[in-house]
Amino acid sequence: QNHSTPINIKMAKKKGGDEKKGAKVFKTKCSQCHTVEEGGAHKQGPNLYGFFGRQSGQAAGYSYSSANKKSGITWADDTLFDYLENPKKYIKGTKMVFAGIKKAPERKNLIAYLKSTCKA
């Protein structure tokens, strides 16, 4: 009886995703090409700080594909959720060479992590 209460409260708070699990997803699948901290370096992919709520292709000093710059996508939970499933399908012509994350809970966890870490 006592054990179920904290879990239920925790789950109610985290409808979106689990930041800690998302941090692991980022570390294993994204950190090779992306940084998240303010002023972080661009790697093969752009630094992601401040990208939430911003239009795609806007990080200063990064050379985006014209497909990304012209996509008109504003990064939010829904656009990111779809993009991360299959980047090349979502933005045809993107230079992001990443197959995507097929599992919805993994994408939700990653988005929760990115939202908290990349907020400008």
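Which residues lie nearest the centre of the largest pocket? In this predicted model, they are His34, Gly45, Pro46, Tyr83 and Met96, which belong to a lining of 34 residues. The volume of the largest pocket comes to about 650 Å³. Sorted by class, its lining holds 18 nonpolar, 13 polar and three charged residues. Helices α2 (19-29), α4 and α6 each contribute at least two residues to this lining, and it is worth looking at how these helices pack.

Two packed helices are described by the angle between their axes and the distance between the axes. For α2 and α6, the angle is about 95° and the axes are 7 Å apart. Angles of 65 to 115 degrees count as roughly perpendicular, so α2 and α6 are roughly perpendicular to each other. On the α2 side, the contact involves Glu19, Lys21, Gly22, Ala23, Val25, Phe26 and Lys29, which meet Glu106, Asn109, Leu110, Ala112, Tyr113, Leu114 and Ser116 of α6. The residues of this contact comprise seven nonpolar, three polar and four charged.

Helix α6 (residues 104-118) also packs with helix α4 (residues 77-85), here at an angle of about 130° and with axes 10 Å apart. The two helices, α4 and α6, are therefore oblique to each other, and α4 passes α6 in a right-handed crossing. From α4, Asp77, Leu80, Phe81, Leu84 and Glu85 take part, meeting Ala104, Arg107, Lys108, Leu110, Ile111, Leu114 and Lys115 in α6. Seven nonpolar and five charged residues make up the contact of α4 with α6, with no polar ones.

Notes. Residues numbered from 1 in each chain as written. Predicted model: local features only at pLDDT ≥ 70, side-chain atom pairs only at ≥ 80, totals over all residues. Heavy atoms only, no water. Axes fitted to C-alpha atoms, helices over the stretch in contact; angles between N-to-C directions. Helix = DSSP H or I, 4+ residues; strand = E, 2+ residues; numbered from the N terminus. Parallel < 35°, antiparallel > 145°, perpendicular 65-115°, else oblique. Left-handed = near helix turned anticlockwise from the far one by under 90°. Contact = heavy atoms within 4.5 Å. Nonpolar A, V, L, I, M, F, W, Y, C, P; charged D, E, K, R; others polar. 1 Å grid on protein atoms, 1.4 Å probe; cavity = no way out; pocket = protein on both sides within 12 Å on 5 of 7 lines; lining within 4 Å. Points joined across faces, edges and corners; volume = space filled by probe spheres on them.
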